[in-house]
Amino acid sequence: MEPHSPAPSSARGRGRRTARPIRSLVAVAITLISLIYAYAGAAGARPVPGPLPTAEIPNFANSSLVDFSYLRSKAPHGFLKVGPQGTFVWRMRGGRRAGKVVRVRFWGVNVSNKSLWIPHAEIDRAVDALSRSGVNLVRFEALDSIGALLDIPGHPGSRTLNPEKFDTLCYWIYRIEQKHINYYFDLLDFRVFTPQDGADIVTNRGARPYAVFDPRLITLQEEYASELLTTENPYTHLRPVDDPHLALMEICDEHGFFINPQGLDRMVEPYRSRLQEMWNQWLVKQYQTRDALAAKWGSDLGPSEDPLKGTVAPPTLPDDTGGIRDPATMTPRLTDTVAFLYEVQRNYFHTMMTYLRSIGLRIPVTAVVSNDVAPDLASVASECNFLAENFYADHPRFSGKMWVGKYHFRNTNQLCDGSPGGFAPYTATLRWEHKPVVIREWGTVWPNRYRAGSLPEALAYASLQDYDGLLLFAYKTREYANSLTYFGFEADPTVWGLYGLGALAYLRHDISSASSHVEFAYTPRSLFTFPNGGSDADRLAWIMGLDREISDEPPALPVPTGAPKDLLADLADHLELDLPVFPRSLSDLLTSLGYSPTSVVQAVESGVYTSCTQQITLDTHAGRLLIGTPRTCAVAGNLQSSQPLVAGVLSVTSVSPVGTVMAVSLDGRPLGKSRHYIVKMVTVAENT
């Protein structure tokens, strides 16, 4: 939400005062030790001149010398809804704005399992730090893990809430609500179902993919949801279903058939046979007779396979190598397999949505599947209220089993990534049917040396694509909380040191959303292909807004006539493209449609992308991002240049080769006229 402008005096007084409007903000080189000095001083008063301290960064450090706690509205509000424009909204319940519908964005963090179970006094300190850093949403992640809510020592099974852990969770909720911070639950994540629960076997993490189709496992999920959501919080005296601060909910985390297609080949009994039975029933419904199925599948139907006898082998998928398959190469059997799995997932989401509504849950709900597999995301978009996923640059890689042995990192500059796997194109695959999008986990993790550019990049393109939430993963309170470590951003000045500035810029909508849009239409023929991930066309997301829809018929593509057209001008009237784009590159596709090579095509070829708003420029060759808006400016990534690097009124010359310099107006006025603003530089941070 937008703060009042100008900022409250508690924030204004912390900014620098100037005698006259700024003409240019100039950042000179700042050494790492002075950066750490400023960051360590954020927990208290301003640093005073004198010897530079060498103390560790304290637990629960502030993001900035500026207190950004004023960013959250203190007015009571109703339950979060999805408004007619496809954004999150609240209807205000009290005060001068009672009855008014307001747009809501979320800027937050994840607090996961081990970091949750801490004493009340430490929760108090953590919540205070989150509030001062501009956080307005906390996602409580992996609540069903070993050692978490459903784990009671000496008690077999996972059907009872641990009263001590539940009390701690309730206290977290109570304290963040006092700071007007909202919360977000995920239901099925790490839970291991056992025979004591009524499951047939001890399942793997989250019972993937059995939990999306087995009736008993679905019933157990409903039971847990009811206990978690309808048990009164002893501190707030509200059940979560009655608590307006519960903003968002996930049915499942990183689940389903498509996220791990090899899992279909490894299914164990009795779940394998149950899915085979459902598959054969589905085929009978589609074709009625074996002869009709044989006429469609041809030699793909084995001589002993008959859906009427239940003998058609269980569905399998090819290994997902990424990219996208030409629909013309799809066999009918594979097309039916994708369609069947899509429908099973839709039914699961529909069942869970219906149950959650039946117990009184009124807020937006999603399910998290693959980030960019079209039929996977379409199954969520068809039944749920918003879409959510992750983006990680330089996520740990493993030589064997995940999270076992040594971790491996590329240590490359993410701002050099011109592929469909970059932040903007990869996350833009989440926009379906004009529904809200939340990047509920993101980060470029230590020891990547270039992670100082990650926050400006996420801020820039979440704003351009007009996403509804951006949540850093993670905020740790215990394990290595005073050291740089994987996913531990609370101690990382290169990211946490900019977090409050990012909160203000994002919640205030300083960076404009795209003025031009492309919509990709999926017909059943193009939707039910596999692999079916992101395509080269998604690189348009660095320039304009993207959306996806399910369509009965492909859109009528424009026919090139006369002189080359201006794509951005055409997009004012909304362009629809049929996907998948195969095998043409984006440049070839747009050129074939008659668009001028001097516009978007040239950007794609050069690797320099300027947004249609003219506020963001990404140079993938230089590995540099520039943000220039009236109230927020930033230069991020590779700072080596023979000339000053200019973004809006910010001009940067640096001897530090890597980093981010960010300037944000605190009083709501343009930086060129602001009297209360903050300029901050982060470079490289390492453990001593």
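Predicted model: local features only at pLDDT ≥ 70, side-chain atom pairs only at ≥ 80, totals over all residues.

Student: How many disulfides does the structure hold?
Tutor: A disulfide needs two cysteine sulfur atoms within 2.5 Å. Take Cys384: the closest cysteine sulfur is in Cys252, 8.0 Å away, so that is too far for a bond. For the whole structure, the number of disulfides is zero.

Student: Is Cys384 buried or exposed?
Tutor: The cut-off for buried is under 20% relative accessible area. Cys384 has 2% relative accessibility, so Cys384 counts as buried.

Student: What about Cys612, buried or exposed?
Tutor: Use the cut-off of under 20% again. The relative accessible area of Cys612 is 13%, so Cys612 is buried.

Student: At what angle do helix 3 and helix 4 pack?
Tutor: Helix 3 covers residues 120–132 and helix 4 covers residues 163–178. Their axes are 10 Å apart, and the crossing is right-handed. Among the residues making the contact are Ile123 and Val127 of helix 3, along with Tyr171 and Trp172 of helix 4. The angle is about 35°.

Student: How many charged residues are in that contact of helix 3 with helix 4?
Tutor: Sort the contact residues by class: six are nonpolar and two are polar. The number of charged residues is four.

Student: How far apart are the axes of helix 8 and helix 9?
Tutor: Helix 8 spans residues 332–358, and helix 9 spans residues 374–383. They pack at an angle of about 30°, with a right-handed crossing. The axes are 9 Å apart.

Student: How many nonpolar residues are in the contact of helix 8 with helix 9?
Tutor: The residues that meet include Phe349 and Met353 in helix 8, and Pro375 and Val380 in helix 9. Four residues of the contact are polar and three are charged. The nonpolar ones number seven.

Student: Last one: how many residues of helix 12 are buried?
Tutor: Helix 12 runs over residues 499–507 and is mostly covered. The buried residues include Tyr499, Leu504 and Leu507.

Key
Residues numbered from 1 in each chain as written. Heavy atoms only, no water. Buried < 20%, exposed > 50% of the residue type's maximum accessible area, 1.4 Å probe, protein only. Axes fitted to C-alpha atoms, helices over the stretch in contact; angles between N-to-C directions. Helix = DSSP H or I, 4+ residues; strand = E, 2+ residues; numbered from the N terminus. Left-handed = near helix turned anticlockwise from the far one by under 90°. Contact = heavy atoms within 4.5 Å. Nonpolar A, V, L, I, M, F, W, Y, C, P; charged D, E, K, R; others polar.
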